[in-house]
There are 4 protein chains.
Amino acid sequence: TKLWGGRFKESVSETVERFTESISFDKELYRQDIMGSKAHANMLAKQGLMDNIDRDKIFEGLSEIERLIESGEFQWRADREDVHMNIEATLTDMIGEPAKKLHTARSRNDQVQADFRLWCRDTIDRIVTCIIHLQVSLVTLALKNEDVIIPGITHMQRAQPVLLRHHLLGYIEQLEHDIGRLVDCRDRLNFCPLGACALAGTGLPIDRFMTAEELGFSAPMRNSIDAVSDRDFVMEFLSANYTIAEHLSRFGEEWVLWASEEFGFITPTDCISTGSSIMPQKENPDPMELVGGKSARVIGGLVTLLTMCKGLPLSYNRDLQEDKEPVFDSINIILKMLEASIKFAHNISFNKERIYKALPAGHLDATTLADYLVKKGQMDNSDRDKILEGLGEIERLIESGE
Amino acid sequence: TKLWGGRFKESVSETVERFTESISFDKELYRQDIMGSKAHANMLAKQGLMDNIDRDKIFEGLSEIERLIESGEFQWRADREDVHMNIEATLTDMIGEPAKKLHTARSRNDQVQADFRLWCRDTIDRIVTCIIHLQVSLVTLALKNEDVIIPGITHMQRAQPVLLRHHLLGYIEQLEHDIGRLVDCRDRLNFCPLGACALAGTGLPIDRFMTAEELGFSAPMRNSIDAVSDRDFVMEFLSANYTIAEHLSRFGEEWVLWASEEFGFITPTDCISTGSSIMPQKENPDPMELVGGKSARVIGGLVTLLTMCKGLPLSYNRDLQEDKEPVFDSINIILKMLEASIKFAHNISFNKERIYKALPAGHLDATTLADYLVKKGQMDNSDRDKILEGLGEIERLIESGE
Amino acid sequence: TKLWGGRFKESVSETVERFTESISFDKELYRQDIMGSKAHANMLAKQGLMDNIDRDKIFEGLSEIERLIESGEFQWRADREDVHMNIEATLTDMIGEPAKKLHTARSRNDQVQADFRLWCRDTIDRIVTCIIHLQVSLVTLALKNEDVIIPGITHMQRAQPVLLRHHLLGYIEQLEHDIGRLVDCRDRLNFCPLGACALAGTGLPIDRFMTAEELGFSAPMRNSIDAVSDRDFVMEFLSANYTIAEHLSRFGEEWVLWASEEFGFITPTDCISTGSSIMPQKENPDPMELVGGKSARVIGGLVTLLTMCKGLPLSYNRDLQEDKEPVFDSINIILKMLEASIKFAHNISFNKERIYKALPAGHLDATTLADYLVKKGQMDNSDRDKILEGLGEIERLIESGE
Amino acid sequence: TKLWGGRFKESVSETVERFTESISFDKELYRQDIMGSKAHANMLAKQGLMDNIDRDKIFEGLSEIERLIESGEFQWRADREDVHMNIEATLTDMIGEPAKKLHTARSRNDQVQADFRLWCRDTIDRIVTCIIHLQVSLVTLALKNEDVIIPGITHMQRAQPVLLRHHLLGYIEQLEHDIGRLVDCRDRLNFCPLGACALAGTGLPIDRFMTAEELGFSAPMRNSIDAVSDRDFVMEFLSANYTIAEHLSRFGEEWVLWASEEFGFITPTDCISTGSSIMPQKENPDPMELVGGKSARVIGGLVTLLTMCKGLPLSYNRDLQEDKEPVFDSINIILKMLEASIKFAHNISFNKERIYKALPAGHLDATTLADYLVKKGQMDNSDRDKILEGLGEIERLIESGE
């Protein structure tokens, strides 16, 4: 029976259980949930709301549960609804009475927020690491092709030749903004909701600063209703992620074009292409196509979150349970997109010769241009000279790579 | 090794495999894939492109595979990428040479489209059945509460009293539009892409009409490039689903309000409420909250699809692989939302007495109104009488339920 | 003062007026609003709820108002909130007392729905006409280039050569699905909400069938609460439009690529390109870039509508006022996108010679392929012969255009 | 003729002009454009790329243009495409030759980015001011109702009583996060793209640091391709805005509910309600309904932007022109939503008596609860005492407002 099932005469029907359960996805939070429970138990003991013996039993039990989960031996149960009740009820099965005291001065409403903030924090660190790897891969690629010049393109039309490495540094710069956003988001979400309980706090003499500190949060949150009801940190996190997705989708599209017969700038090695069962000449740059395709899902996930939260009266509503899946899904995708891009960057080679042969086409010869302008009366001869000088300078710059 | 792996020197790295595989979700199409393969084999045999003995072996093998899948014994392999290759390669493992002939005049590009269209067709039938169930539940609820009058509300303000059954019939009407959209969508998508092959058709003497007919399609599609590249039928299907989701989200919100202490119109039975671990007085209408919350995901899924397809040059691009997950996910949610709503409709009772006690508040007494207007000079006495007569008529209508 | 301002002690502050007005956009509905009012007056007169003299005055007044609006002389006033009150109040200014009778058995809640349905119906006809024009342009383009073969592309990699005209017919087919969706949408929305009044209908002896017929609707709507609260016809209309937008975005992207130096398939004439102030060699295919860019707005508009409607309890809520701007905006864009695509199709020429020179690259020579497979042991010699025969057949087909 | 029209034989057709123009919306940037041009002219003069006499003429001309625009006398011309060309061409009309020199070492690609960043920066300051006003209004409201207790609600069910002021401080806290996001966004976007020119920088001896400093930017941007192609600062800005919209939509919904007959917590004064033409008893809280409704548009605008940018190859593409309308539209809406909320907060009164009368319903009496738990064997008597003590403490806390 469910923890809260005592008062109900009828058992919750299977339909409802299947519809309302969240354990199928929120078990992802198990590590943070256990960490949070330990900090909470520590604080309760310190404040005299639990004795040390119980605290120790709880610690032992939780550590065992963590071990079971990680070894795949833990029995997740849908009738125990979510990660919190699964862990707490198993703990009760294990150690009995003391487990129940863990729920003192805590509600699933503040507990899930603490877990989710910890999870986002951890995940931000993983993503940042991954971005840095990609940046390093791009630098490596730039160095390997230090002298390659490619057509700079605007409107899909050749505009001015640019150094490939300058182009690649453009990517790196964009990823740098992404890191900045993640770091700001991390700072802003790193406050501790524990102690907000269901929505109104508790009268028990808890120490919110102690829990916050133990979990590495900057401070406790200032308002309990804000603590349980808001999801703006999730929105900000997803937003910080969709700009990454947008950037990668743009690299992706570009690399797919570069790998086409028409562009022919790059050749991916076999290990990152996939073929066609009926057209063996093909080497499709599928990973980068999918980087584009999958980026759409991060946008869709954000829309899910925003649409779900819109117009919800405070404080906690069950709708909010739906904030997790789009995040887990999007982050999973983002990490894979980053990995795929790293692999791709390591496994392409630039077809220098072909690029150079094609380079002149579509670009304007400076002298012709200047003459044209003089003829049209839009430039006098002294201007012409100045411009040609300028264009010469550009060329020098391009060649010297400044 | 992969089917198309022969020509590549290096094995496809795990990262890429993990990133590009679709078997984790497109195995959902196994039944349609097998059905399509059988129809294809039949046609090849009929056209003399395969002999009957091979056709029979293929049939037997495919039936066995279907059995294995349904009994959970089938070994899905990520290195075999997708549902098509998993089934085809297993068939080859089973029956050898003849299996390879199944790929004659077929590509995964047209195969996946056929599978997916069949799947959508089947699913539309399931959803329509579910909607009709919900309509029946609402009619039952209306009949059970035939004489209940509730405040009709605009702007969240009481406007005019209406018969509950009239209100519930409003829901039913909206669901009726949804059925119409699904049926139109079914008609429009029920054309057969087989024979389009990779994108350009085939020179082999296939009979596209035969395959189409055997699979219950209205006809073969007219253009092979359209057949492999377009996903507008998926968009239309998702669109037909989000109007259902929108409708359900509106009922959901309404029922959540009706179950509140402030409204108090309905009481859900225990079996469809969930409680609070720390506030035992509560019976939260979680399923209907989640109907609202989950509807957001259908919108998010649509955005994923639309964003993914936008600006993709023809014909097939790997990005398009990403069309399935949002659909599977959304349909799964829609079906559960419909089920939950049916259960809810069956398990609420209207608090007639409380509704009636509250009914007068916030509504205008007709005489006061008319007098007010006459006083303000906005109405003469004959108008007043006409209006009062009209209002009386409304009341009669309401009472007689017309 | 506002029509409904009588009872309020304080005047509505400017802020609120500016925030809540809709006249800045819903005046778009003036023609439909006047048409609806005439039909309503006719019906009231026929039913004896208004005398013929008043009806005639109302007709005259409304015709004059229509003339004023179309000549730009009409004074739209924000303090009269919306198109309905602007027209009705002006009518009162013009003809006095009889104008007030027009509001008998009508509310803005059903009136706006009637107007909007009529507007959508008219607009669908315009869009369908525009699509047919585009189809004709594409056929013309196909005929002008009857013998052009282009590389058929999958994964942005050359796959098999296809006839340009086959490719263009793919576009036409996709647009044909779009027409089907618009026609279905038109049929489904063409029901008359008049008579629903605020939400609960009216006790007055109106004739809903007469109004419906006069306005060209198939029938009156069946449920008054559905009539004033639902916006699924708007969603369906926008959905029918975003598939058009998706299709055009794909053509757009393709044509932008084709116009690039790297592809070089087409050359747009000057009149549909725009240049660069500093790079005179460039002819940017801006209209087709913008076809892509602007298609995003149709998706955004749909999201606005879906997000806005989600979770709104029945019946009418002021939020619903926000359903119009995304539609007006999207339809305006769609029509311009169609026009721009038509112009583009008329003003490009295919660079046959350049295409042909490039055609062999990236495609596999059939013999090489077959030999390769035989060598790898994946094919025996009889299969090889069969395949080569098949490939020869494909070539014949391509050349003969079947 | 257009600036770049010289080389084209045919005039740009009206259709294309109407489709591609951006002047109808980007004139919003005129102040920033003029400011940027002055800084650019200053720099050119300082670097010896323009003489001081020309610089002075340019300054004079630009100041006159600003005056004309602000007095409404400026002639915006669609054939001059955008704000940059309108201003530059008018300057040329005014002062002739020197105006042309302003285009030295500049392209519309970097110019529009500078303008837009400046505009976003200015707008962030306006929004932050507006948020602070709203926070002050909420504090005022809290102080005016210092002792009001309302039912704290979860799942739309009464949970625990809370102090109204604690609830309102929850709003304020959420708005505080919003300010933090805006400030971070401002810091990150405040870098100067000038000098990037079309995409590849310039060989002329410009001083990018000087321009950056004069315009109040932190520094020049580091990469020219990033400078002209990325729009992540726009995404971040819109994201920072939709969390505001989300927050306001939640307050809005809550206040709409509170104003309902069923809740009856607040009464809005007449000046912020609107009435019904046929139901004079109604005072609809339209502004707050529209706060909800309009918030959807901010989400839609974000989707437009994200969908538009997705998969665009670097560097500048004409699609990117479409980044402005969703931003202008969303910011316009956000500012109005904030204003409307401020007005609303100032014009509601809490119905203390009615709230208090209703307060007990739906809440659990602590003793009953504890007894229940003891009876069910889930609590021993000492626990019971502890809990009752805790609940007493909560009450004290609530009453003392901590």
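User: Where is B:Ser315 in chain B?

Analyst: B:Ser315 sits in the loop between helix H12 (286-309) and helix H13 (324-346) of chain B. Keep in mind that this is a predicted model.

User: Noted. What kind of peptide bond joins B:Leu314 and B:Ser315?

Analyst: A cis one, with omega at about -5°.

User: And in chain C, what is the peptide bond from C:Leu314 to C:Ser315?

Analyst: That bond is cis too, and its omega is near 0°. C:Ser315 is placed in the loop between helix H12 (286-309) and helix H13 (324-346) of chain C.

User: Switching to symmetry. What rotation superposes chain A on chain D?

Analyst: A rotation of 180°, with 0.0 Å of shift along the axis and an RMSD of 0.1 Å. That's the relation of a two-fold axis.

User: Which C-alpha of chain A is nearest the axis?

Analyst: The one of A:Ser239, 3.3 Å from the axis. Both copies use the same surface, too: 100% of the contact residues of chain A recur in chain D.

User: How many residues does the contact take from each chain?

Analyst: Chain A gives 75 residues and chain D gives 76 residues.

User: And in area terms, how much do chain A and chain D bury between them?

Analyst: About 6,600 Å², with 55% of that on carbon and sulfur atoms.

User: How many salt bridges are there across the interface of chain A and chain D?

Analyst: The rule finds eight. One salt bridge pairs the side chains of D:Asp184 and A:Arg188, at 2.7 Å from N to O.

User: What's the count of residue pairs in polar contact between chain A and chain D?

Analyst: It's 46 residue pairs, counting those with both residues at pLDDT 80 or more.

User: Which elements of chain A supply the side that touches chain D?

Analyst: Those supplying at least two residues each include strand E1 (149-154), strand E2 (157-163), helix H8 (164-189) and helix H11 (232-258). H8(A) has the largest share, 14 residues.

User: How does that side of chain A split by class?

Analyst: The side of chain A that touches chain D has 28 nonpolar, 28 polar and 19 charged residues.

User: Last topic, rings. How many aromatic pairs are there over all chains?

Analyst: The count by this rule is 46 aromatic pairs. Take C:Trp258 and C:Phe350: their ring centres are 5.9 Å apart and their planes meet at 65°, so the pair is edge-to-face.

User: Which parts of chain C does the pair of C:Trp258 and C:Phe350 tie together?

Analyst: C:Trp258 is in helix H11 (residues 232-258) and C:Phe350 is in strand E6 (residues 348-350), so the pair ties together parts of chain C that are 92 residues apart in sequence.

How values were computed: Residues numbered from 1 in each chain as written. Chains lettered and ligands numbered in written order. Predicted model: local features only at pLDDT ≥ 70, side-chain atom pairs only at ≥ 80, totals over all residues. Heavy atoms only, no water. Least-squares fit on C-alpha atoms with pLDDT ≥ 70 in both. Contact = heavy atoms within 4.5 Å. Buried area = accessible area lost by both parts, 1.4 Å probe. Salt bridge = Lys/Arg side-chain N within 4 Å of Asp/Glu carboxyl O. Polar contact = N/O pair within 3.5 Å; in protein donor to acceptor, adjacent residues only side chain to side chain. Helix = DSSP H or I, 4+ residues; strand = E, 2+ residues; numbered from the N terminus. Nonpolar A, V, L, I, M, F, W, Y, C, P; charged D, E, K, R; others polar. Phe/Tyr/Trp six-rings, centres within 6.5 Å; stacked < 30°, edge-to-face > 60°.
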